[in-house]
Amino acid sequence: MTNPTPAGRPAAGQADRPAQADRPGQAARPTAPAQHGTLITVAPTGAESLKSAVPALPVTLDELVTTAKECQAAGAAVIHVHIRDDRAQPTLDPARLTDTVAALRESTDLIVQLSTGGAVTDGFASRLAVLDAAPDACSLTCGTVNFGDEVFSNPWPFIRDLYARTKKLGVVPEFELFDLGHVATLHRLLGDLGAPHGGHVHCDLVMGVPGGMPGNAATLVQAVSALPPGATWSATGIGRTTLPVMFAALSAGGHLRVGMEDTVSFARGRPVTSNAELVERAAALAELAQRPPMRPDEARTLLGVNGRR
Ligand code: KMH
Ligand code: ZN
């Protein structure tokens, strides 16, 4: 451990009360814009951008750890991790994943959330095996979606197996929702297998993927109103939908995900120079909304993530 959170940053206020997923299938109340802090997740790398095209992308373990420290200092509480091999290509190599979890834990207080989505080319077995690296948390996508010219495949049996494995191994899932149909599958999953490890349902709306739900305020409100009661949620907008989704999420009482996995342009014609500047922008907007960034310990309480293992 540990890279301290920004000096003097006050506690982010009362975290949302963890809720049980005890009424799956029921319609959710829209989340009132409450006086709680903002959970900021950084997704620094992803599996889609090439290092050659995006030199600021963190692809080595050193680059990832440096990015993680900077992003924690800027206000992030969770890191959503994809790793690369020695040629900067996406990989789910088990030893590398284990080393990455250890290095991030050693250097930061961030909640380490490994991607089980990987790249569109990754097979189900290697995606299930990601949990063997014993992260705090993992992503769990609730359905198949067209993904540009590709398909991000998440059939029901795989979703079910992955969810059962998170419960068995004590990993907190974050439910990734790329489309409204994924919300229906989330209800089915909770209805069949019960509440997640940690007892709290937290979702991430991934908006603006070509083939998924569009990244705009109307769609965000619709998706949020369909979530299970008591669920918390963050949202991220891919590419040019980043800012509209961020403003909509803040105004609707949601949390934020930002990072170079989701956008490599800071503004029109201006490439992102670091993940930290995306976190800094999100943190500044959260402060303006009077919902300051949550510290990692506050985020652990919100999400039901245990202490360090
Ligand atoms: N790279 C995408 C195909 C996740 O991390 O769980 C899938 C993805 C979702 O990024
Ligand atoms: Zn991802």
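Because the model is predicted, local features need pLDDT of at least 70 and side-chain atom pairs count only at pLDDT 80 or more, while totals for chains, interfaces and linings use all residues. Residues are numbered from 1 along each chain as its sequence is written, chains are lettered from A and ligands numbered from 1 in the order in which they are written, and side-chain values use heavy atoms, with hydrogens and water left out.

- His80 belongs to strand 2 (residues 78-81) and Glu261 to the loop between strand 12 and strand 13 (265-267), so that the pair links distant parts of the chain, 181 residues apart.
- His80 counts as buried because its relative accessibility is 3%, and Glu261 counts as buried at 19%, where buried means under 20% relative accessible area, exposed over 50% and partly exposed in between (1.4 Å probe, protein chains only).

**Largest pocket**

- The largest pocket holds about 620 Å³ of space, and among its 33 lining residues the closest to its centre are Glu48, Phe147, Val209, Ile238 and Glu261.
- A pocket here is an open set of points on a 1 Å grid over the protein atoms alone, where a 1.4 Å probe fits, with protein on both sides within 12 Å along at least five of seven lines, and lining residues have an atom within 4 Å of a point.

**Helix 7**

- The buried residues of helix 7 (residues 242-251) are Thr242, Val245, Met246, Ala248, Ala249 and Leu250; helices (H or I, at least four residues) and strands (E, at least two) are DSSP runs, numbered from the N terminus.
- The cover over these buried residues includes strand 10 (202-207), helix 6 (217-225), strand 11 (232-237), strand 12 (255-258) and helix 8 (275-288).
- Gly253, which follows helix 7, has a positive phi near 85°.

**Arg270**

- Arg270 lies in strand 14 (residues 270-271) and is partly exposed, with a relative accessible area of 32%.
- Leaving aside neighbours within four places in sequence, Arg270 is in contact (heavy atoms within 4.5 Å) with Ser265 and Glu277.

Definitions and conventions: Points joined across faces, edges and corners; volume = space filled by probe spheres on them.
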